Amino acid sequence: MKYSQATDYALHAMLYMVTAAHDKPVGVQLLAEKLGVSQTYLSKMMTKLVKAGLIQSAPGANGGYRLRRKQEDISFLDIIHAIEGTASLFECSLNHGSECLIQQVVIDAERQMEQYLENKKIADMAKLMMTE
């Protein structure tokens with residue numbers, strides 16, 4: 001599976017936010033510097049994370065972003081869906097109905113991958129980082 005660069009940045013931004021101080025928002029400028037990406041590009045991606053309810057935006061001079069949900073509840077799949085959407089990766093384009101055996105195999109594999117990503121929490125990655 002290949003996901004977009006935006007998803008890669010979103011996963012890294014969320015990981016940074018989980019490991020940062022929780023009492024104050026993380027500014028988009030700091031996040032952009034940490035990730036090596038433009039603030040404009042990052043802001044668009046962060047807006048998707050806000051719309052998905054994963055983070056919230058705090059306006060003002062000392063504003064930025066903070067987690068909206070408990071970090072233990074945020075999965076890789078949540079972040080990927082926020083950026084990429086929830087459409088299936090595979091759709092059979094042949095006109096022989098929904099009984100396509102190939103599509104059934106690929107959709108089953110996709111379900112297994114999604115289950116794995118749902119079980120991987122961003123907080124678990126943060127804990128691993130802190131112990132290294």
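Reply: Helix H1 covers residues 5-19, which makes 15 residues, and from its first C-alpha to its last it reaches 21 Å, close to the 21 Å expected at 1.5 Å a residue (the expected span is 1.5 Å times one less than the number of residues). Helices here are DSSP runs of H or I with at least four residues, strands are runs of E with at least two, and both are numbered from the N terminus. Please keep in mind that this is a predicted model: local features need pLDDT of at least 70, side-chain atom pairs count only at pLDDT 80 or more, and totals for chains, interfaces and linings use all residues. Residues are numbered from 1 along each chain as its sequence is written, and side-chain values use heavy atoms, with hydrogens and water left out.

Let's see which side chains of the helix are covered. The buried residues of H1 are Ala6, Thr7, Tyr9, Ala10, Leu11, Ala13, Met14, Leu15, Met17 and Val18; buried means under 20% relative accessible area, exposed over 50%, and partly exposed in between, with a 1.4 Å probe and protein chains only.

The largest nonpolar core has 33 residues, and Met14, Met46, Leu49 and Ile79 have the most contacts inside it. Such a core is a set of buried Ala, Val, Leu, Ile, Met, Phe, Trp, Tyr and Cys residues joined through side-chain atoms within 4.5 Å. Two or more residues of this core come from each of H1, H2, H3, S2, H4 and H6, and H1 gives the most, with nine residues. In soluble globular proteins, nonpolar side chains tend to be buried together.

Stepping back, the protein has six helices and two strands, in the order α-α-α-β-β-α-α-α along the sequence. Its C-alpha trace spans about 60 × 35 × 25 Å along the principal axes. Buried residues make up 36% of the 132 residues. Of the contacts between residues at least 6 apart in sequence, 63% join residues at least 24 apart.

Methods
Contact = heavy atoms within 4.5 Å.
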